[in-house]
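We will then walk through it together, one step at a time.

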Amino acid sequence: MEPFATTADLEARWRKLSNDEKGRASSLLDDGAALLMSMLKRAGVEVDPDDELQAANLRSINCSMVQRSMSAAGDMYGVTQQTMTAGPFSGSATYANATGDMYVTKAERMRLGIGRMRIGSIRPEIGVADDTW
């Protein structure tokens with residue numbers, strides 16, 4: 001299975017990657033594509049190779065997932081809280097994704113058309129001898 005994005009796509013959306021980072025990014029793009037494919041399959045959404053809008057969304061989301069994973073505790077991206085003290089020199093930061101997990105946000109799910117609410121009904125059959133209402 002091919003990833004939906006390349007390391008060049010990731011660099012265009014984020015920053016220049018070192019050679020070591022490119023290898024890791026390539027693996028993470030593969031992992032992200034597998035996660036997206038499983039989510040789409042579970043939601044019953046087919047990947048259409050002729051749908052340019054779907055391809056653009058998959059490429060963007062795949063890059064965002066990898067960026068979140070690679071940014072975990074690496075730079076100040078994803079910091080949800082930061083504390084600094086002047087003397088005796090203290091500092092603290094809390095990262096939103098400290099372990100580097102890959103995930104898809106609610107907004108990204110909406111872009112893909114998955115994760116919507118569903119409605120249905122169940123017909124109770126209490127003491128009914130036939131299949132009529």
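Is arginine 15 buried, partly exposed or exposed? With a relative accessibility of 28%, arginine 15 counts as partly exposed. Please keep in mind as we go that this is a predicted model.

Let us stay with arginine 15 for a moment and look for its partner. The side chain of arginine 15 meets the side chain of glutamate 21 in a salt bridge, at 2.8 Å from N to O. Glutamate 21 is partly exposed too, since its relative accessible area is 23%, and a residue has to be under 20% to be called buried. As a general idea, side chains of opposite charge can pair when their charged atoms come close.

How many salt bridges does a search of the whole structure find? The search finds three. Another one of them joins the side chains of lysine 22 and glutamate 11, with 3.9 Å between N and O. This pair links distant parts of the chain, because lysine 22 sits in helix 2 while glutamate 11 sits in helix 1 (residues 7-13), eleven residues apart. Lysine 22 is partly exposed, with a relative accessible area of 27%, whereas glutamate 11 is buried at 19%.

There is also a salt bridge between arginine 68 and glutamate 108, whose closest N and O atoms are 2.9 Å apart. Here, too, distant parts of the chain are linked: arginine 68 belongs to helix 3 and glutamate 108 to helix 4 (residues 106-112), 40 residues apart. Arginine 68 is buried, with a relative accessible area of 11%. Glutamate 108 counts as buried as well, at 7% relative accessibility.

Now follow the chain into helix 2.

Which residues of helix 2 are buried? They are Ala25, Leu28, Leu29, Gly32, Ala33, Leu36, Met39 and Leu40. Helix 1, helix 3 and helix 4 are included in what covers them.

Leucine 36 lies in helix 2, which covers residues 19-43, and it counts as buried because its relative accessibility is 0%. Which residues does leucine 36 touch, if we leave out those up to four places away in sequence? The answer is Phe4, Leu58, Ile61, Asn62, Met65, Val104 and Leu112. Proline 3 is 33 residues away from leucine 36 in sequence, yet in space their C-alpha atoms are 9.7 Å apart.

The largest nonpolar core has eleven residues: Phe4, Ala33, Leu36, Met39, Leu40, Leu58, Ile61, Met65, Val104, Leu112 and Ile114. Helix 2 and helix 3 (52-71) are the elements that give two or more residues to this core, and helix 2 supplies the largest share, four residues. Apart from this core lies another one, of ten residues, among them Ala5, Trp14, Ala25 and Val66. In soluble globular proteins, nonpolar side chains tend to be buried together.

Isoleucine 61, another member of the largest core, leads us onward. Leaving aside neighbours within four places in sequence, isoleucine 61 is in contact with Leu36, Val104, Glu108, Arg111 and Leu112.

Look for arginine 111 next. What joins the side chains of serine 60 and arginine 111? A polar contact of 3.4 Å does. Serine 60 is found in helix 3 and is buried, with a relative accessible area of 16%. Setting aside neighbours within four places in sequence, serine 60 is in contact with Arg13 and Arg111.

Asparagine 57 has its place in helix 3, and its side chain makes a polar contact of 2.8 Å with the side chain of arginine 111. Asparagine 57 is buried, since its relative accessible area is 13%. Not counting residues up to four places away in sequence, asparagine 57 touches Arg111 and Leu112. Leu112 takes us back to the largest nonpolar core, of which Leu112 is a member.

Key:
Residues numbered from 1 in each chain as written. Predicted model: local features only at pLDDT ≥ 70, side-chain atom pairs only at ≥ 80, totals over all residues. Heavy atoms only, no water. Buried < 20%, exposed > 50% of the residue type's maximum accessible area, 1.4 Å probe, protein only. Contact = heavy atoms within 4.5 Å. Core = buried A, V, L, I, M, F, W, Y, C linked by side-chain atoms within 4.5 Å. Salt bridge = Lys/Arg side-chain N within 4 Å of Asp/Glu carboxyl O. Polar contact = N/O pair within 3.5 Å; in protein donor to acceptor, adjacent residues only side chain to side chain.
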